[in-house]
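Look over the sequence and the structure before reading on.

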Amino acid sequence: VQLQASGGGLVQAGGSLRISCAASGRTFSRYAMGWFRQAPGKDLEFVTAISRSGGSTVYADSVKGRFTISRDNAKNMVYLQMTNLKPEDTAVYYCAAHTRAILSQPPSQRRAMYDSWGQGTQVTVSS
């Protein structure tokens with residue numbers, strides 16, 4: 001599966017931004033989807049993930065209550081709505097697909113479970 005992230009940009013602290021990820025193929029609904037991010041000089045970190053059906057989500061503590069992941073299986077899209085952004089949210093954001101996810105399985109936070117990755121979109125939050 002090919003993934004294309006978009007929608008990044010520059011936003012002031014306290015602002016909002018929605019980034020998107022478009023997936024190719026006809027089997028999008030079989031994939032759990034996740035967002036990860038990498039800040040300059042730091043390791044890749046988990047942000048959030050959503051199950052195949054969209055019925056289950058999981059968030060990193062650092063974004064809980066501020067970020068919302070959603071998906072539209074009819075459009076092969078996954079979204080990340082980010083509110084109350086902070087300078088520490090500045091990073092390249094990557095969408096990823098867990099193509100072997102089981103339908104009843106909660107989405108994984110483990111990077112190793114995701115086997116397809118998009119190219120990333122830059123989000124910069126100014127103070």
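Is K42 buried or exposed? K42 is exposed, with a relative accessible area of 56%, where buried means under 20% relative accessible area, exposed over 50% and partly exposed in between (1.4 Å probe, protein chains only). The model is predicted: local features need pLDDT of at least 70, side-chain atom pairs count only at pLDDT 80 or more, and totals for chains, interfaces and linings use all residues. Residues are numbered from 1 along each chain as its sequence is written, and side-chain values use heavy atoms, with hydrogens and water left out.

K42 sits in the loop between β4 and β5 (45-50); strands (E, at least two residues) are DSSP runs, numbered from the N terminus. The C-alpha atoms of K42 and A91 are 9.4 Å from each other, although 49 residues separate the two along the chain.

**The core**

A nonpolar core is a set of buried Ala, Val, Leu, Ile, Met, Phe, Trp, Tyr and Cys residues joined through side-chain atoms within 4.5 Å. The largest one here has 35 residues, and M33, W35, M82 and Y93 touch the most other members. Strand β9 (residues 91-98) gives the most to this core, with five residues. In soluble globular proteins, nonpolar side chains tend to be buried together.

Contact means heavy atoms within 4.5 Å. Leaving aside neighbours within four places in sequence, the contacts of M33 include L3, C21, F28, I50, I69, V78 and Y114.

**The charged pairs**

A salt bridge is a side-chain nitrogen of Lys or Arg within 4 Å of a carboxyl oxygen of Asp or Glu. By this rule there are four salt bridges, among them the following.

| Pair | Distance, N to O |
|---|---|
| R37 and E45 | 2.6 Å |
| R37 and D89 | 2.9 Å |
| D89 and R66 | 2.7 Å |

Salt bridges link R37, E45, R66 and D89 in a network. R37 is buried, at 5% relative accessible area, whereas E45 counts as partly exposed at 34%. D89 has 0% relative accessibility and counts as buried, and R66 is buried at 8%.

Where do R37 and D89 lie? R37 is in strand β4 (residues 32-38) and D89 is in the loop between β8 (77-82) and β9, so their pair ties together parts 52 residues apart in sequence.

Technical notes
Helix = DSSP H or I, 4+ residues; strand = E, 2+ residues; numbered from the N terminus.
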